[in-house]
Amino acid sequence: MSEKMEFQTEVTKLLDIVINSLYSEKYIFLRELISNASDACDKLKYWSLSNPGKFKQEGEFKITVKPDEKENTLIVSDNGIGMNREDLIKHIGTIAKSGTAEFVNNAKDNGSVVDLIGKFGVGFYSAFMVAKKVEIITRKAGEDKAWKWTSDGLSGYEIEEAKRDSNGTDIKLFLKDDAKDFTDSLYLRHIIRTYSDHVEYKIVLDLGKAGEETVNTASALWTRNKGDITEEQYKEFYHHITKNFDDPWMTLHFKAEGSIEYTGLLYIPSTAPYDLFQPDRQQSLKLYVNKVFVSDKIEGLMPAYLRFVKGVIDSSDLPLNISREMLQQSTLLAKIRQGTVSRILKELKKRKADYDDYLKFWEAFGTAFKEGIYEDFSNREEVAGLSLFYSTNDENKLTSLDEYISRAQAEQKSIYYITGDDVPTLRNNPQLEAFKEKGIEVLLLTDPIDEFWTQTLTNYKTFAVKHISQADIDLKIERKEKRAPEGSLTKLTSLMAEMFKNEVGKVEVSEKLTKSPAALNVAAGQMSIHLERLMRNHGQQTAFASTRILEINPYHPLIVKLAEMIEDETNKSEVSDVAKLILDQAKIAEGEAVSDPSFFAEKMSEYILKGM
Ligand code: ADP
């Protein structure tokens with residue numbers, strides 16, 4: 001008895017995109033099916049080795065591709081883990097990955113297939129680019145029943161009991177009329193060699209009477225010698241394990257020998273994945289023990305800040321028959337991590353020499369990478385040294401800390417930074433005026449993460465790392481302009497302090513401002529205004545809000561004038577209006593909202609009109 005089922009809505013949409021696409025690289029379906037078949041063999045290999053005695057695999061693992069020119073069909077078979085009824089319903093017919101489902105929901109036109117493939121790969125569903133009907137016959141290892149799943153990719157699918165002699169899966173494609181090419185053995189051989197050569201199981205082309213022929217090299221790519229692997233093969237393997245369609249920005253293949261032996265084949269993609277900033281920050285390196293795939297969810301194999309690194313770690317020194325939890329805690333794993341991290345950092349250091357090239361990496365992953373400055377205790381300085389920042393030095397080029405140091409002034413002992421929402425606003429922050437005047441470079445930091453690493457990286461090499469509010473050098477500037485008289489200034493600061501007592505803790509005369517009449521600051525050592533704002537935006541109460549300091553510029557004509565006016569009682573209400581506007585200006589320059597927008601707007605118009 002066959003049972004009719006509906007696809008999940010997202011799957012219907014995805015299939016609609018896949019079937020109706022004019023995507024020309026239809027042959028990718030074969031690499032997707034072979035990739036699934038290889039994963040299925042991986043899973044069974046691990047399962048039977050970690051549960052000894054439960055299951056015995058007959059013969060070696062292999063993947064068979066069988067074309068039938070007369071029937072216009074193609075069968076891709078494996079003797080891997082197989083699927084039972086629940087697996088079929090859960091894995092084929094629903095999209096588990098939240099990002100893919102979301103993306104599909106938002107995809108509008110047929111052109112999206114390229115994007116879809118680019119971002120997620122469409123996996124099994126790509127079969128419908130070439131097939132008008134797909135039939136799966138599968139039997140799960142260790143179970144007696146087999147199942148048949150059929151679908152035309154349009155009207156849901158059917159499941160019924162079936163027969164299969166042993167565990168594994170056959171995916172039979174009833175090819176569309178315009179997909180006859182995929183029964184041509186020459187063409188198939190070519191596609192398999194090009195895109196699936198790295199698969200570690202034999203891929204056999206079954207040509208019926210003409211016999212069987214193994215098409216690929218069938219040895220795990222990372223176990224081969226570097227010299228025997230072409231760049232294309234490295235790339236294809238990258239596509240296979242990441243399901244990404246971009247090219248890797250970095251490929252790192254190494255064998256570590258010593259107290260523990262392991263091989264790594266690692267990649268850094270050239271584009272950031274959609275889930276780089278998911279809260280779980282899961283790493284996803286695939287761990288193999290002596291070529292047996294264990295898991296791609298081993299915490300502790302890669303630190304979170306390097307979660308974008310993809311690839312394989314294989315070690316024959318790790319035990320296979322312990323639980324993943326125990327493996328995670330093993331000191332051997334920690335050693336592998338340390339060794340691998342330092343290789344990655346070393347490689348990044350080499351690549352950093354070429355600014356334009358390195359910038360590609362930085363733009364994709366820099367924000368995540370910087371998490372390492374406060375997370376990776378033992379490599380803190382190295383990670384900081386590999387990071388790039390905007391600064392007041394060059395609008396068009398990011399700087400490293402070492403470059404900053406090389407430009408520092410003779411008496412300068414600190415690297416200065418300021419934090420805020422965006423670079424253009426920061427560049428005009430009044431707090432920077434004295435630094436600009438003195439030619440002291442300041443880093444302009446705008447990522448939320450910057451608020452955190454700056455708390456932990458108090459020194460870099462021989463330099464302290466300091467917020468500009470904690471500058472310990474003399475920022476006094478030679479002045480030729482008129483300064484407001486001391487007595488009136490005192491009156492003005494006390495008036496403002498009284499007026500704004502709910503908003504600022506102190507009003508001070510500052511020698512550091514050149515262009516602006518006033519600026520907001522916080523006392524040394526307190527949480528920056530930017531961090532406070534970030535926390536507020538995340539709904540976190542800032543119980544210990546920092547004390548704001550309103551600094552006024554005694555040389556600014558506006559302050560000079562105000563100081564003059566304060567000496568005459570009849571100006572009282574105007575002085576108070578202008579004082580309010582001055583505070584508002586300072587707030588705006590900090591990226592903060594003004595306290596009373598309608599007052600601000602009204603007074604601005606009034607004064608603009610006066611000036612016109
Ligand atoms: P992905 O491979 O990215 O998970 P697919 O759509 O290609 O997505 O496959 C969905 C799921 O179906 C797989 O994760 C796997 O659980 C199952 N599957 C697909 N092909 C096979 C196969 N040949 N053998 C066993 N399970 C399979």
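Lys 310, Val 312 and Asp 314 point one way from strand β14, while Gly 311 and Ile 313 point the other way. All of these residues are buried. The strand covers residues 310-314 and is mostly covered, with five of its five residues buried. This is a predicted model. In a regular strand the side chains alternate between the two faces of the sheet.

**Partners of β14**

Strand β14 pairs with β11 and with β12. Strand β11 (residues 262-269) runs antiparallel to β14, and the two share five bridges. Strand β12 (residues 286-289) runs parallel to β14 and is joined to it by three bridges. Gly 264 stands opposite Ile 313. Leu 287 also stands opposite Ile 313.

**Strand β21**

Strand β21 (residues 518-522) has five buried residues out of five, so it is largely enclosed by the rest of the structure. Both faces are covered. Ala 518, Leu 520 and Val 522 lie on one side. Ala 519 and Asn 521 lie on the other. Strand β22 (residues 548-552) runs antiparallel to β21, and five bridges join the two. At one point in this pairing, Ala 518 stands opposite Ile 552 in β22.

**Thr 169**

Thr 169 sits in strand β7 (residues 168-175). Its relative accessible area is 5%, so Thr 169 counts as buried, the cut-off being under 20%. Thr 138 is 31 residues away in sequence, yet the two C-alpha atoms are 4.2 Å apart. The side chains of Thr 169 and Thr 138 make a polar contact at 3.0 Å. Leaving aside residues up to four places away in sequence, Thr 169 touches several others, among them Val 76, Ser 77, Asp 78, Gly 82 and Met 83. Ile 136, Ile 137 and Arg 164 are also among its contacts.

**Salt bridges**

The whole structure holds 40 salt bridges.

| Residue | Partner | Distance |
|---|---|---|
| Lys 202 | Glu 60 | 3.1 Å |
| Arg 483 | Glu 486 | 2.8 Å |
| Glu 567 | Lys 491 | 2.6 Å |

Lys 202 and Glu 60 form a salt bridge. Lys 202 lies in strand β8 (residues 202-206), and Glu 60 lies in the loop between α2 (28-50) and β2 (62-68), so the pair ties together parts that are 142 residues apart in sequence. Lys 202 is partly exposed, at 32% relative accessible area. Glu 60 is partly exposed too, at 48%.

Arg 483 meets Glu 486 through their side chains. Arg 483 is partly exposed, with a relative accessible area of 27%.

Glu 567 and Lys 491 also meet in a salt bridge. Glu 567 is in the loop between α19 (557-565) and α20 (572-590), whereas Lys 491 is in helix α17 (residues 486-499), so this pair ties together parts 76 residues apart in sequence. Glu 567 is partly exposed at 41% relative accessible area. Lys 491 is partly exposed, also at 41%.

Some charged residues join in a network. Salt bridges link Asp 421, Glu 532, Arg 533, Arg 536, Arg 548 and Glu 592.

How values were computed:
Residues are numbered from 1 along each chain as its sequence is written. This is a predicted model: local features need pLDDT of at least 70, side-chain atom pairs count only at pLDDT 80 or more; totals for chains, interfaces and linings use all residues. Side-chain values use heavy atoms; hydrogens and water are left out. Helices (H or I, at least four residues) and strands (E, at least two) are DSSP runs, numbered from the N terminus. Buried means under 20% relative accessible area, exposed over 50%, partly exposed in between (1.4 Å probe, protein chains only). Contact means heavy atoms within 4.5 Å. A polar contact is a pair of N or O atoms within 3.5 Å; within protein, one must be able to donate a hydrogen and the other to accept it, and residues adjacent in sequence count only if both atoms are side-chain atoms. Two strands pair if DSSP finds at least two bridges between them. A salt bridge is a side-chain nitrogen of Lys or Arg within 4 Å of a carboxyl oxygen of Asp or Glu.
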